[in-house]
Amino acid sequence: MARKPHPIIKELEIEKIASEGKALGYYNDKVVFVAGTAPGDIIDVRVHKKKKSFLEGSAIKFHKKSDLRIEPFCSHYGVCGGCKWQHLSYEDQLGFKSEQVKDSLERIAKVDLPEIKPILGSKNTTFYRNKMEYTFSNNRWLTTEEIESGKEFESDALGFHIPKRFDKIVQIEKCYLQADPSNAIRNSVDRFAKDNKITYFNLIKQVGFLRNLIIRTSTTGQTMVILQVAEENEEWLSMMLNHIKENFPELTSLLYILNQKGNETFHDLDVQVFYGKDHIIEEMEGLQFKIGPKSFYQTNSDQAYELYKVARNFADLKGDEIVYDLYTGTGTIANFIAKSAKKVIGVEYVPEAIEDAKVNSQLNKIENTDFFAGDMKDVFNDEFLAQHGKADVIITDPPRAGMHPDVIKTLLNISANKIVYVSCNPATQARDLALLDEKYKVTSVQPVDMFPQTHHVENVVLLELK
Ligand SMILES: C[S@@+](CC[C@H](N)C(=O)[O-])C[C@H]1O[C@@H](n2cnc3c(N)ncnc32)[C@H](O)[C@@H]1O
């Protein structure tokens, strides 16, 4: 039976950008999400998803282009799935991010709010990331233009996954997210592999040698490269690693991993050092942070500093407080504020991150921190607090899902004077603020942009006991 063609909506006007950065218009009272559009666009939309409350589609014809549109600067825009907001100026991106925060707090939290402070933009709007991860595939994604050009293309590719197509990789020539030597390393590795017929991974059949390339840089100028391979082949491994080492003498750390699992994660695998150190060092306000291949560190280092300063200002520590840093990761916030507090206790469920947090305290001769691994809802309870001291200030930086209701219950129970809530998802933050409203009032709100060219926004809220 022939498939029904996708319905087409004619001349839909895009009216706004809602949560998660989705641009939308209305058709017969239904919301229609259309990726890659901007308020003011008038378009024909091919609908490919129909739900009870919304439709989703793609623009197939522009009748009018929004005045907000600018020319995207990257040749991979619209294909790689990365910088989805390049068609908007940075000023407009910041405006939409602020609106996202305001809208979530007003619509979901429904609590009394102070005036939201102007969003802190990122000094660098390109080349701001300190970590990039590229995938090898022998199944290159070809764009419509590439297919129509009639040219021949190699089927091996090194680049990014196509959204919703895990097996297809778009070949990246230049990425604007990480400063050099990032592009130079990726392109050189790709050329050398192709010239020497070293095989690229097939993501469906799970065969092929080269699997994944990670590049981590730091503001101290140190650079780490991690190569993941999927087969034991000493000759290819040594050829490739020597090629990287000889061509990029500025590298301080060259590591490799044999990964024969079904996915690219390597938290449970051994990492081998081929050359240099097993870590790089990041610095912030004179503090050093040791970053191993498995360690988490905020990906926009400069803006992480701005974010942490906001958290520290909101905490307004006098030096005699016991502070809990919940969801501490590798303890960066805890170590950052330690000198302004009597004691800081960090909790996080990844044990390796907790080990990193302890190492970072030692490295900086910080003696008033303590770190514990475990699920927050199990660890952070009355007994734990009785053991480590009554909380004067709590800093919390949960994952996108926000805090577990049990954690919120504990927070309400212990009634610390202040809670500084750092969030990467204003919607779940707003939900949590509504629950905390029983005892806390929101006294400051500071959105911070860590990820230019994307819809993501970070928001810091200060809560004080009513
Ligand atoms: C947004 S990150 C915070 C990172 C850290 N504050 C920083 O700036 O580097 C959230 C952290 O929460 C941890 N996490 C997620 N769910 C958790 C849970 N249920 N219990 C404890 N930690 C959790 C994650 O492993 C992650 O490190």
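Which residues line the largest cavity? The close-ups below answer this and show the surrounding elements. The model is predicted: local features need pLDDT of at least 70, side-chain atom pairs count only at pLDDT 80 or more, and totals for chains, interfaces and linings use all residues. Residues are numbered from 1 along each chain as its sequence is written, and side-chain values use heavy atoms, with hydrogens and water left out.

**View 1. The largest cavity.** Its lining consists of Cys74, His76, Tyr77, Cys80, Cys83, Gln86, Phe160, Ile172, Lys174, Cys175, Tyr176 and Leu177. The volume is about 90 Å³. A cavity is a set of points, on a 1 Å grid over the protein atoms alone, where a 1.4 Å probe fits but cannot get out; lining residues have an atom within 4 Å of a point. Grid points are joined across faces, edges and corners, and a volume is the space filled by probe spheres set on the points. By class, the lining has 9 nonpolar, 2 polar and 1 charged residues. Here Ala, Val, Leu, Ile, Met, Phe, Trp, Tyr, Cys and Pro count as nonpolar, Asp, Glu, Lys and Arg as charged, and the others, Gly among them, as polar.

View 2. Helices (H or I, at least four residues) and strands (E, at least two) are DSSP runs, numbered from the N terminus. Two strands pair if DSSP finds at least two bridges between them. β8 (157-162) is antiparallel to β9 over 4 bridges, and Phe160 stands opposite Val170. Phe160 also lines the largest cavity.

View 3. A pocket is an open set with protein on both sides within 12 Å along at least five of seven lines. Of its 46 lining residues, Ala35, Gly78, Val79, Lys84 and Pro163 are the closest to the centre. β6 gives the largest share of the lining, 5 residues. The classes are 18 nonpolar, 16 polar and 12 charged.

**View 4. Helix α11 and strand β22.** Pro426, Thr428, Gln429, Ala430, Asp432, Leu433 and Leu436 of α11 (426-436) are buried, meaning under 20% relative accessible area with a 1.4 Å probe, protein chains only. These buried residues pack against α1, α10, β20, β21 and β22 (contact: heavy atoms within 4.5 Å). In β22, 6 of the 8 residues are buried, so the strand is largely enclosed by the rest of the structure. β20 pairs with β22 in the antiparallel sense over 6 bridges, and Ile419 has Leu463 as its bridge partner. β21 and β22 also run antiparallel, joined by 8 bridges; Val445 stands opposite Val461.

**View 5. The second largest cavity.** Its volume is about 50 Å³. Pro426 is part of the lining, as are Glu20, Gln100, Arg400, Cys424, Asn425, His455, His456 and Val457.

How values were computed: Buried < 20%, exposed > 50% of the residue type's maximum accessible area, 1.4 Å probe, protein only.
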